[in-house]
Amino acid sequence: MSIALAVVILTGFVVYALLLAAIARLRASAHEMFRRSAGNDSNRPVVFITAHPDDESYFFAPTVLAVRHRPVHVFCISNGNFRGVGRVREKEFETACNLLGVQGSILNHKDFQDDFHSYWNAENLADEISKYLSKLRPALVITFDERGASQHPNHISTYKAVQLLVMQNRLPNCTVLKLDSVHSIRKYTGAFDVLFSRSDIQVVSTWSQFRLAQKAYLTYKSQLAFYSLAYIWTCRFMIFNTFTVLQNEDRRN
Ligand SMILES: [Zn+2]
C-alpha cells in the first residue's frame, strides 16, 4: 500500500468518525429541543405550515418523523398547480402524508396559487392560517424562514404570514420555529453539514427515518427529474433540520 493511499484511508476514517460524533451529539439535543419547544401537553398538535405538496418531504421530513409520537398536521397552502398538475400533486401529497404518518390538508385558495414569480399577500394568508390553527390549538408551529429554504417566493410568503401572526400575538401559548436556510454549497453536503451547524435547535434522522423521508420524496413522481436521486442522497434537509425560534423581534425581516 502506498503512503498516499494510507493517508487517504486514514483521512476518510477520521472524517467519518467526526461525522458520527457530531450526529450523536445532535441526536441527543433533538429530544431536549422538542421537550422544551412543544411543552408537556402531548395532546396538543405540532403543525407544519408549508407552501407546496412535497415541501413536507423535501424540507421538513426529519422533523415530521421526530414528532410523530404526538398529533402532527401539515397545512399546505397551494396544491402545486404551477405546471397544471395540481390534482396529481394532491394525490401524491396524500400518499406522502400517509407514509410519514401525519394528517395533511391543502388550502388551495385562488389567491395563493403555486407561482415561482409571485409573492402572496401576507395579511390575507395570515387570516387563512389563523382560521386553520384556531381549530387545532397547536403547541408548536413550524414553517420556513425569511429565505424560504430555496428562496422560493411562496415559501417566503408563507413565512411572512406566520411571522405576522406572531407579531400580532395571534398564536398564544405556542412556540413557532422557522427552518434555517443555508447557503447552497452547504445545502448539498448532506449529513456532513452537521459539522458546520451552530443551531441550538436541531433534529437529526436515524437511518430508517432517512430512508422513509426518501421514500416520501419519491412519492412525487410528477416532480421527479434526473437530479432527484442526487438530491435525496446529498441534501442536508433530507437528513437533518435546524431551527430558530420565530419571535416578535423578527419583524425587521
Ligand atoms: Zn415548495
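This is a predicted model: local features need pLDDT of at least 70, side-chain atom pairs count only at pLDDT 80 or more; totals for chains, interfaces and linings use all residues.
Me: Good to know. Which residues are the protein donors of the zinc ion?

Reply: They are H52 through ND1, D55 through OD and H155 through NE2, lying 2.0 to 2.1 Å from the zinc ion. Donors here are N, O and S atoms within 2.8 Å of the metal (3.2 Å for Na, K and Ca), and water is not among the atoms, so sites may look incomplete.

Me: What spacing do the donors follow along the chain?

Reply: The pattern is H-x2-D-x99-H. D55 also counts as buried, at 1% relative accessibility.

Me: Switching to the overall fold. How many helices and strands are there?

Reply: The protein has ten helices and seven strands. These are DSSP runs numbered from the N terminus: H or I of at least four residues for helices, E of at least two for strands. Buried residues make up 51% of the 253 residues.

Me: What about β1, how many of its residues are buried?

Reply: Five of the five, residues 46-50, so β1 is largely enclosed by the rest of the structure. Both faces are covered, with V46, F48 and T50 buried on one side and V47 and I49 on the other.

Me: And which way does β1 run against β2?

Reply: Parallel, with five bridges joining β1 to β2 (residues 72-76). Strands pair if DSSP finds at least two bridges between them. T50 stands opposite C76 in β2. Strand β4 (residues 140-144) also runs parallel to β1, joined by three bridges, and there V47 stands opposite V141.

Me: Can we carry on from β4? How many bridges join it to β5?

Reply: Five, and β4 and β5 run parallel. T143 has K178 in β5 as its bridge partner. K178 in turn has T244 in β7 as a bridge partner, where β5 and β7 (residues 240-245) run antiparallel with three bridges. Four of the five residues of β5 (residues 175-179) are buried, so that strand is largely enclosed as well.

Me: New topic, rings. How many aromatic pairs does a search of the whole structure find?

Reply: It finds 16 aromatic pairs. One of them is Y58 with Y231, which is tilted at 5.7 Å centre to centre and 40° between the planes. Y58 lies in α2 (residues 55-58) and Y231 in α10 (residues 228-234), so the pair ties together parts 173 residues apart in sequence. As for cut-offs, rings of Phe, Tyr and Trp (its six-membered ring) pair if their centres lie within 6.5 Å; planes under 30 degrees apart count as stacked, over 60 as edge-to-face and the rest as tilted.

Me: Which residues do ring pairs link into a cluster?

Reply: F48, Y58, F59, F60, F144, Y188, Y217, Y220, Y231 and F237. Of these, Y58 is buried at 12% relative accessibility and Y231 is buried at 9%.

Me: Last one: how much of α7 is buried?

Reply: 13 of its 15 residues are buried. Helix α7 (residues 153-167) reaches 20 Å from its first C-alpha to its last, close to the expected 21 Å, which is 1.5 Å times one less than the number of residues. Just after α7, N169 takes a positive phi of about 55°.

How values were computed: Residues are numbered from 1 along each chain as its sequence is written. Side-chain values use heavy atoms; hydrogens and water are left out. Buried means under 20% relative accessible area, exposed over 50%, partly exposed in between (1.4 Å probe, protein chains only).
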